[in-house]
Amino acid sequence: MPSPVKYLAAAAALCAALWAANARAADPAFIMMGVGVFDVFHHQQAGDFRFEFRGDRVGFIEPVAGVETTTDGAYYIYGGFNIDILIGHRWVFSPGFDVGHFSPGSGQVLGAKLEYHSGAEFAYRFDDRSRLGIALHHISNAGLTKHNPGTEIISITYSYPIGRIFTDK
């Protein structure tokens, strides 16, 4: 049986993360673009492209909706959430979780149409609040089917504040 100290440490870490996420200056909604490698640790690698909307925070949760596609013709349409944790003034760590529809194209078959997407991004925040980062994500069906190979994606990301698209501020 796990030690109660481990549960207390995990609860303290979660509380600290949520406090840090809530304590940061309010960032705007973003449009995020990413480019990287799908199935990066396995043998069916493909180019990966992602376009994502990151909405205004609701409490400490940032709603997310996006589409990801690969050079093998796979696509993933998803929705979920991120939690931004500000580290100092410039760095942002953003773990997140999404769920969506996956179609494999001619590439890696993940075992189900319903797939889960979890991971994190580590980004540098510029004066205009735009961000340049690196992200590592995992997609799998969480054991919903017998075939569940899962895959990892590594990408370079750029997030731009939506409000700046329509104004010169």
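Visitor: How many cavities of 30 Å³ or more does the structure hold?
Guide: This is a predicted model, in which local features need pLDDT of at least 70 and side-chain atom pairs 80 or more, while totals for chains, interfaces and linings use all residues. Residues are numbered from 1 along each chain as its sequence is written, and side-chain values use heavy atoms, without hydrogens or water. A cavity is a set of points on a 1 Å grid over the protein atoms alone where a 1.4 Å probe fits but cannot get out. Of cavities of 30 Å³ or more, the structure holds 2.

Visitor: How much space lies in the largest cavity, and which residues are the closest to its centre?
Guide: The space in the largest cavity is about 80 Å³. Its lining comprises 13 residues (an atom within 4 Å of a point), and the closest to the centre are Arg 50, Glu 52, Arg 54, Asn 82 and His 137.

Visitor: Which element gives the largest share of the lining of the largest cavity?
Guide: Strands here are DSSP runs of at least two residues. Strand E2 (46-54), strand E6 (91-103) and strand E7 (114-125) each give two or more residues to this lining. The largest share, 4 residues, comes from E6.

Visitor: Is His 137 buried or exposed?
Guide: His 137 lies in strand E8, residues 131-140. Buried means under 20% relative accessible area (1.4 Å probe, protein chains only). Because its relative accessibility is 11%, His 137 counts as buried.

Visitor: Which strand gives the most to the lining of the second largest cavity?
Guide: The second largest cavity holds about 30 Å³ of space, and Phe 38, Asp 48 and Ile 139 are among its lining residues. Strand E3 (62-70) and strand E4 (75-82) each supply at least two. With 3 residues, the most comes from E3.

Note on methods. Buried means under 20% relative accessible area, exposed over 50%, partly exposed in between (1.4 Å probe, protein chains only). On a 1 Å grid over the protein atoms alone, a cavity is a set of points where a 1.4 Å probe fits but cannot get out, and a pocket is an open set with protein on both sides within 12 Å along at least five of seven lines; lining residues have an atom within 4 Å of a point. Grid points are joined across faces, edges and corners, and a volume is the space filled by probe spheres set on the points.
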